[in-house]
Amino acid sequence: MSVVIIGTLDTKAEEIGFARDVLEDQGVDVHIVDAGVMGEPGFEPETTASEVADAAGTTLEHLREEADRGEAMEAMGEGAAEIARRLRDEGVLDGVFGLGGSGNTSIATAAMRALPVGVPKVMVSTMASGDTEPYVDARDVTMMYSVADIEGLNQLSRRIISNAALAMVGMVTNDPDVDAEEQPTIAVTMFGVTTPCVQAVRERLEELGYEVIVFHATGTGGRAMESLVEEGVVDGVLDVTTTERADELVGGVLSAGPDRLEAAGDAGIPQVVSTGALDMVNFGPRDSVPDEFEGRQFHIHNPQVTLMRTTPEENAELGEIIAEKLNAATGPTALALPLEGVSAIDVAGEDFHDPEADATLFDALRSSLDEDVELLEVETDINDESFAETLAETLDRFMRAAGRAP
């Protein structure tokens, strides 16, 4: 087994060497990739900083001459990612390990995000106790907080680096026996307010012989699902919960980006899409909601999550955006509308029940969809068992027609 360590040998050679020794003492081969820019390496790596810069389409000399830290970090991140992919293809990389401050965390995790889900990734970082989304994004990066700065070896840093290295040893030397199922894989999106629907959908699809992977529609969840579609891991999509589009449009905290709802269509795989939780935009604690939204309707989901009701105008725009995405799909596509409520709190008697706003959403979708997108309208709310049955049976019909069924 071989672990690739990505680090800046001009500033962290002692610490990287210590991690290498821990790994090698456990019988693991180590390949060190130097991502340092300004100084000379403390020891000779297997892949030099010049090679990393070259992989990014630049040179180490250029980066040194420019002395622009931001440009250097971006370039070395791109180069490290390319090197990691090559080493993986060559069978030299079974896991990737990094340690450092904000600079090398940015570089090493760029390489980690370039690797498939399931490849072990461990990052010891001074940044791991804060907002880790820029480093982790939609990949399975394990972040360990270094507690103290990574500057020299001491009783604390030795323990933490050793723990992280030994965790990596455990990952790369043990077979978890979780080989991919032979069953076709369906990706499903879920939110707390669409959970009953998704639970019923999952149970029905599993009865039909599919393996189901559920993604929490928190921005990174939607991106993770779509990245696995792009990698060919997923055979079909049941996109129950498209709430991330509302956050992207209005400015909530759970946006999955402007490309959300494109991957399945681009891949040409069967997809059934619904309007789950499009009645809401997500924010953190109530006092974190931007002042521009004062006077809007809110629902306190919990002390850390505040939901804001979408307006008829926003729903009209959402309908046009979603229809545009689905119209561009190259595979079998259906849109299912739950006419009596798009979430658990968008039904009669609940905080976000607003038939006018829902009607605006549905009308925009109806008027904007192309004829080759199948439109299903069900006189119930999204969490009714009959709606879940409609979703599952429609996707199964598409999968059978495409030769992708169990």
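**Entry 1: the negative patch.** I began with helix H2 (49-55) and helix H3 (60-66), each of which supplies at least two residues of a negative patch. The model is a predicted one, so I keep that in mind throughout. I listed the patch members as Glu51, Asp54, Glu61, Glu65, Glu66 and Asp68. Which helix gives the most to the patch? I found that H3 does, with three residues.

**Entry 2: glutamate 65.** I picked glutamate 65, which has its place in helix H3. Is glutamate 65 buried or exposed? I noted a relative accessibility of 66%, so glutamate 65 counts as exposed, the cut-off being over 50%.

**Entry 3: the whole protein.** I stepped back and counted 14 helices and 14 strands. Along the principal axes, the C-alpha atoms fill a box of roughly 70 × 50 × 40 Å.

**Entry 4: a bridge to H3.** I then turned to the salt bridges, of which the structure holds 26. Glutamate 40 pairs with arginine 64, and their closest N and O atoms are 3.5 Å apart. I placed glutamate 40 in the loop between strand S2 (29-34) and H2, and arginine 64 in helix H3, so this pair links distant parts of the chain, 24 residues apart. Glutamate 40 is exposed at 57% relative accessible area, whereas arginine 64 is partly exposed at 28%.

**Entry 5: H8 and H14.** My next salt bridge joins arginine 204 and glutamate 389, at 3.6 Å from N to O. Arginine 204 sits in helix H8 (residues 195-207) and glutamate 389 in helix H14 (residues 385-401), so the pair ties together parts that are 185 residues apart in sequence. Both are partly exposed, arginine 204 with 22% and glutamate 389 with 34%. I also noted a network of salt bridges that links Arg204, Glu207, Glu389 and Glu393.

Entry 6: Last, I checked arginine 296 and glutamate 314, whose closest N and O atoms are 2.9 Å apart in a salt bridge. Arginine 296 lies in the loop between strand S10 (280-283) and strand S11 (298-302), and glutamate 314 in helix H12 (residues 312-327), so parts 18 residues apart in sequence are tied together. I wrote down 21% for arginine 296, which is partly exposed, and 14% for glutamate 314, which is buried.

Key: Residues are numbered from 1 along each chain as its sequence is written. This is a predicted model: local features need pLDDT of at least 70, side-chain atom pairs count only at pLDDT 80 or more; totals for chains, interfaces and linings use all residues. Side-chain values use heavy atoms; hydrogens and water are left out. Patches are made of residues with over 30% relative accessible area and no salt bridge: like charges are joined within 9 Å, nonpolar side chains (Val, Leu, Ile, Met, Phe, Trp, Tyr) within 5 Å. Accessible areas come from the Shrake-Rupley method with a 1.4 Å probe; for residues, only the protein chains shown count as cover. A salt bridge is a side-chain nitrogen of Lys or Arg within 4 Å of a carboxyl oxygen of Asp or Glu. Lys and Arg count as positive and Asp and Glu as negative; His and the chain ends are not counted. The place of a charge is taken as NZ of Lys, CZ of Arg, CG of Asp or CD of Glu. Helices (H or I, at least four residues) and strands (E, at least two) are DSSP runs, numbered from the N terminus. Buried means under 20% relative accessible area, exposed over 50%, partly exposed in between (1.4 Å probe, protein chains only).
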